[in-house]
Amino acid sequence: MLHFFDKIHKNLLKLIYPDYCAGCDNLLLHNEKIICTNCLHHLPTTLHLETETNEIHRIFYGILPIEQAYSLLYFHKNGIAQNLIHQLKYKKRQDIGNYLAEMFSSEFKVAVSFKTVDLIVPVPLHKKRLYERGYNQIDTFCQTLSQELNIPYDKDVLVRNEYLKSQTKKSKIERREVKSTLFSVQKNDALKGQHFLLVDDVLTTGATIEACAKELLSIPNAKVSILTLAYAQS
Ligand SMILES: [Zn+2]
């Protein structure tokens, strides 16, 4: 009986506060969660997790000795991935992070390089930005990923020292000029020889990831793999 009233209560709440698709803003049907069936069907997945070498890995080739690199989705202007990340980042829709980690969990579990990962590390926000936004947009994704893969997650390994303006309009040459002091790593003996999975929301030029990965690779015998929610091809 209680379950029956719970259900009515839930449906009434939905009438008052309807759920909208985080991909296209259309109303969600009662059996749809986060994104509608149509968006789910058209989700621009990269299939990177199924390939040993891919376009993300090639971005860093010759620049950084990384193990593996993946993006889950293609980021297009006004596309589904852009909407999802916009909601996640600016609309406090942290549930989207959990949802994406759950959605790809079976692929994560078979991806070869994930098997040797020791620690999940997010690209950190500057403390001023963290205070303004209230959360790091990649946090819930990392938490669920950590649970799904049974790999620890530590958000304090890297620290962002300075505020950096958007890199989207910078060229591949300009990205080389990103200051090496932008991030610093909390060095301690426990981090030696670890394989880090560095996680960020959108990969554009790769400048931010590059600066973080360089810091992590300054730890003796460290290895770094990269995972981003989306890739904006330039
Ligand atoms: Zn939709």
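Start at N150, which follows α8 and has a positive phi, near 60 degrees. Helices here are DSSP runs of H or I with at least four residues, strands are runs of E with at least two, and both are numbered from the N terminus. The model is predicted, so local features need pLDDT of at least 70 and side-chain atom pairs pLDDT 80 or more, while totals for chains, interfaces and linings use all residues. Residues are numbered from 1 along each chain as its sequence is written, and side-chain values use heavy atoms, without hydrogens and water.

Next, select residues 139–149, helix α8. Of its 11 residues, 8 are buried, so the helix is largely enclosed by the rest of the structure. Buried means under 20% relative accessible area, exposed over 50%, and partly exposed in between (1.4 Å probe, protein chains only). The buried residues of α8 are D139, T140, F141, C142, T144, L145, S146 and L149.

C39 counts as buried at 3% relative accessibility, and C212 counts as buried at 0%. The structure holds 0 disulfides, a disulfide being a pair of cysteine sulfur atoms within 2.5 Å.

Finally, select P124, L125, L130, K155 and D156, which lie nearest the centre of the second largest pocket among its 16 lining residues. The lining divides into 8 nonpolar, 3 polar and 5 charged residues. α7 (127–133) and β3 (158–160) each supply at least two lining residues; the largest share, 3 residues, comes from β3.

Key. On a 1 Å grid over the protein atoms alone, a cavity is a set of points where a 1.4 Å probe fits but cannot get out, and a pocket is an open set with protein on both sides within 12 Å along at least five of seven lines; lining residues have an atom within 4 Å of a point. Ala, Val, Leu, Ile, Met, Phe, Trp, Tyr, Cys and Pro count as nonpolar, Asp, Glu, Lys and Arg as charged, and the others, Gly among them, as polar.
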